Amino acid sequence: MNCHEINKGEFHERYLLGKLTKEESEAYLEHISACEKCLQEQLKLKKIISGIRFAGKTGMKTEIEKQIIELKEQSKNEWKYFVLKAAAVLIIAVFVPGLYYYYELNFNETVSQNNLSESPITEIDESLDYDYSEIMDSELPTEQDKSIKPKSVINDKREPAIAEGIRQEKKDMEQERNKISSVKPAQSALPIVKEAIETPAEPDIETTTGFAAKRMKSASSVNSIEQNPSIILELEDKATEVLEEKQDEDIMRSLSEKKALGKTYPLQNHSIDTIDQNIILRLVTESLKIEFITNLTRTEQKHDSTYAYSKTGDILKVYWNDIPEKYIKNSNSLSAEEIENGKILIKYNDTIEHQIEVINNYILIKAISD
Amino acid sequence: MKKIWLKGDYRVIDRIRENDRTVLGELYIRYERMVERFIIKWGGQKEDAQDALQEAVITLWQKVCSNEFELKSQIGTYILGVAKNKWRSQRRVSNRFDRDADFEKHESAELNPMELYIEEESHHEVTDALKKISEQCRRLLLMFYFEGRSMHDIAALLNLSSPDVAKARKYQCKKELQKIMDYKLEGERF
C-alpha cells in the first residue's frame, strides 16, 4: 500500500469511520506508521470529523432546547385555548339559553300582566270550577315583592298602568270575597238550611243544599255562590247535620208515641244486628217480673223458643211469631232486618201477654190482648 | 407485521429518516418525566437528567440515520436505557475526578485535561469553519459525519441527482472546510 492508494481509496476516512476490513486496516496502519505525511493527513481529517461531530451534537442540543421552549409555550397556549374553548362552550350551552329563558319569562310576565290589567274579571270563564280570588292573591305582589322587580318591569314605562290594573283587580276581588264571606258563616247559613229542609216534600242533602244555596244567593246577591265550592261544601255539611238531627227527632217522636203503648228499654249494650231471645227474656224479666227474677231457677231453649222457669212454677216464653223457616238461621236469634213488628212474642204461663217491637236502639214491650 | 403498540414509534423512526427535526423536541418532552424520575431516584440531579436525555435523543437520531437502529422494543425503553448509560458513565468520570484532584495522574487521552482543551479548541475551529461554508455543504457534512447517513439518503434529502454526485459534493465541501481552516491557521501565524 502506498500514499496514492490511500488517498484514492479514502483510507483515512474509512479508517476513522471504522469502515475498513481487518486486512485493509492492518495494511493501512502498517503504512501510516512509516509515513509521516499520511499520518498528518489522517490527524487533520480526524480533527475535521471530530469537529463536525461536536458541532453537530452542540447544534442538535441547542435545537432541542429551542424546541422544548417552543413546545412548552405552545402547550401553555393550548391549555389557554382549551380553557377559552370550554368557557365558550359553557357560555353557549348554559348562559345563553339561561339568559334567553330569563328574558323570555320576563317578557311573558309583562305581557300577561298587561293583558290582565286590560281585561276585567267579569270576562273570566265562569265554567271553570275554581276560586279565582285565591289564584289572584297568590299572583299579586306582596310589599316585599314590590322591591324586587325584574329589569324589564323596572324599565317598563307601562309599570304604573299595570300596577294600577292589578290593584284595581285586587280591590274588586276583595269586595267579591267580602260579599261571599258576609253570608258564608255557618250561623247565617243555619236558618236557611233549616228552612230548606222543611220546604221539600222529602228532604235530602242535595236538594236541601241546592235550595239553601239559591236562598242565600237571592238573599245576598252574590253571583258566584254556585261556583264557590267552599260555600257549597259548608252548606252540605250543615244540611247533613240538620237532616240527621231531624231524623233523630222523628225517631224519638215515633218512639215516644209508641211508648204510650208499653215500655221501652235501650239496647245500647246489645248488638242491634242480632235479636237474641235470651236478651229479650232478660229484659222482660228485669222489667216486668221482678219477683220472677228473684225466683228464677233456670232458662231453657227449645226449638225456636226460650223458656224461663221460676221457683213458684211460673213459665215465661219468648218465641218468634210466624217467621218463615228460611229466615231462621238460629232458633234463638234472628237478624234485626228479619224482625218485623209483632214477630217476637212473650207468653206468660201459656197466656200471650206482650208483643216485642224493635225501634232503632230500643225494644218496645207492649201488652196485647188475646 | 408491525406491532400495534409500536405504531407510534414506527412513525417516529420514519420522521427521523425523513429528517423531520421537530421530532427531537417531541421526544424530549415525551420522555422527560420518565428519565428525570429515574435519575433523581438514583441520586442524580435534574440537570443530569436533562443532559442524559438530550444525549439519548441524539444517539437515537444517529442510530436511526445510520441504519443501525432496529425497533425491537418501545423507543421509551431504548431512550431510558441510553440515558441511564450516559448518566452512569458521566458519573463515573466525575467521581474519578473527585477522588483525585491531581490531574497529572490522568494520562489517558480521554481524561487528559490538556488534550481535552486542545480537542475543544479544534472543535471550535471546525465549528467556526462550518459557519463559513455554504448551507448545503454544512448540512451535507453534518449528515455524513455526524448523523452517519448514507450517500443515497443524503442525495435524496439534499435533492442531489445521485449518490455519486453527493459523494463528489462531499469531497468538495470537505476541501472547502479544510481550506477555510488552513487559511485561518495561516492568518494566525502571520
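**Rings, Charges and Surface in a Predicted Model**

Good morning. I begin with Tyr15(A), which counts as partly exposed because its relative accessibility is 28%. Here buried means under 20% relative accessible area, exposed means over 50%, and partly exposed lies in between, with a 1.4 Å probe and protein chains only.

Let me state the ground rules. This is a predicted model, in which local features need pLDDT of at least 70 and side-chain atom pairs count only at pLDDT 80 or more, while totals for chains, interfaces and linings use all residues. Residues are numbered from 1 along each chain as its sequence is written, chains are lettered from A and ligands numbered from 1 in the order in which they are written, and side-chain values use heavy atoms, without hydrogens or water.

Next, chain A as a whole. Its secondary structure comprises 13 helices and nine strands. Helices (H or I, at least four residues) and strands (E, at least two) are DSSP runs, numbered from the N terminus. Chain A has 370 residues, of which 29% count as buried. Among contacts in chain A with a separation of 6 or more, 57% come from residues 24 or more positions apart; a contact means heavy atoms within 4.5 Å.

Accessible areas come from the Shrake-Rupley method with a 1.4 Å probe, and for residues only the protein chains shown count as cover.

On that surface, Leu90(A), Ile91(A), Ile92(A), Val94(A), Phe95(A) and Val96(A) make a nonpolar patch of about 560 Å². Patches are made of residues with over 30% relative accessible area and no salt bridge; like charges are joined within 9 Å, and nonpolar side chains (Val, Leu, Ile, Met, Phe, Trp, Tyr) within 5 Å. One of these residues, Val94(A), belongs to helix H4 (residues 36-118) of chain A, and its relative accessibility of 46% makes it partly exposed.

I now turn to the aromatic rings. A pair of rings is described by the distance of the centres and the angle of the planes. Rings of Phe, Tyr and Trp (its six-membered ring) pair if their centres lie within 6.5 Å; planes under 30 degrees apart count as stacked, over 60 as edge-to-face, and the rest as tilted. Over all chains there are seven aromatic pairs. In one of them, Tyr15(A) and Tyr28(A) are tilted, at 4.9 Å centre to centre and 40° between the planes. Tyr15(A) is in helix H2 (residues 11-16) and Tyr28(A) in helix H3 (residues 22-34) of chain A, 13 residues apart. Is Tyr28(A) buried or exposed? Tyr28(A) is buried, at 0% relative accessible area.

In chain B, Phe38(B) and Trp42(B) also form a tilted pair, with centres 6.4 Å apart and 45° between planes. Phe38(B) is buried, at 16%.

Back in chain A, ring pairs join Phe11(A), Tyr15(A) and Tyr28(A) in a cluster. Over the ring of Phe11(A), 5.1 Å from its centre, sits the charged end of Arg14(A). By definition, NZ of Lys or CZ of Arg must be within 6 Å of the ring centre and within 35 degrees of the ring normal.

Finally, the salt bridges. A salt bridge is a side-chain nitrogen of Lys or Arg within 4 Å of a carboxyl oxygen of Asp or Glu. The structure holds 15 of them over all chains. One joins Glu13(A) and Lys170(B), at 2.6 Å from N to O. This pair crosses between chains, from helix H2 of chain A to helix H8 (residues 163-189) of chain B. Glu13(A) is buried, at 4%, and Lys170(B) is buried as well, at 2%.

Within chain B, Glu55(B) bridges to Lys86(B), with the closest N and O atoms 3.9 Å apart. Why does this pair tie together separate parts of the sequence? Glu55(B) lies in helix H3 and Lys86(B) in helix H4 of chain B, so the pair links parts 31 residues apart. Glu55(B) is buried, at 16%, whereas Lys86(B) is partly exposed, at 27%. Glu55(B) and Lys86(B) are also linked with Lys57(A) and Lys61(A) in a network of salt bridges.

A further bridge in chain B connects Glu147(B) and Arg149(B), at 2.7 Å from N to O, and both residues are buried. Thank you for your attention.
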